[in-house]
Amino acid sequence: MLKFQINDPKHLLPKINFKAIVKGIEGSGFFEVSIIDSKQIKALNKKYRKIDEPTDVLSFCMNDQLLGEIFIAYDYAVKEAKSHKWSIEYEIALLFVHGILHLLGHDHYDKKTKKVMFDLQNKILNETFK
C-alpha cells in the first residue's frame, strides 16, 4: 500500500482525490510530494541532473523508510495544462502519477520503457478521470 504526504505551503493545489489515484497503483511505501515553483525546481534540476532549466516534475528515490520524494513545479504545471488545453487538476494528477511511477522503478529512456510507463500512467489517469 502506498502512503504519502503532500507539502503545499502556499495552498496552491486544487481539490484532487490523491488517495483514489494511489489506490490504482500497485506498490508499497511512503513518499512525499512537495509543491514548489519553477525557480526551485530549476535549482534541483541543475544540482542533481546537471540540467540548468526548469521542468514540471522531479522524483528522487530514497531508501526503505522513505520510498522517495516528488517535486512538482506548480507554475510550470499551469502553463503545461494551458498548452495541452486540459485542467490543472488533470495536469497535477498526471505529474503525481508520473512521479510515483518513477519511484516504483519505471522510466522512459527508450521507446519500449516509455510505452510501458506511459501506458500505465494513462490507464491510472483514465480510471481516475472517467
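Let me start with a term: a residue is buried under 20% relative accessible area, exposed over 50%, and partly exposed in between, using a 1.4 Å probe and protein chains only. By that scale Asp52, at 46%, is partly exposed.

A quick word on what we're looking at, friends. This is a predicted model, where local features need pLDDT of at least 70, side-chain atom pairs count only at pLDDT 80 or more, and totals for chains, interfaces and linings use all residues. Residues are numbered from 1 along each chain as its sequence is written, and side-chain values use heavy atoms, with hydrogens and water left out.

Now, how many salt bridges does a search of the whole structure find? The search finds 3, a salt bridge being a side-chain nitrogen of Lys or Arg within 4 Å of a carboxyl oxygen of Asp or Glu.

Back to Asp52, then. Its partner is Lys42, with the closest N and O atoms 3.9 Å apart. Asp52 sits in the loop between α2 (38–49) and β3 (57–61) and Lys42 in helix α2, so the pair ties together parts 10 residues apart in sequence. Helices (H or I, at least four residues) and strands (E, at least two) are DSSP runs, numbered from the N terminus. Lys42 is partly exposed, at 33%.

On to helix α5, residues 111–128, where Lys115 and Asp119 are 4 residues apart, about one helical turn. Their side chains meet at 2.6 Å, N to O. Lys115 is exposed at 51%, while Asp119 is partly exposed at 39%.

Finally, Glu127 pairs with Lys123 in a salt bridge at 3.7 Å between the closest N and O atoms.
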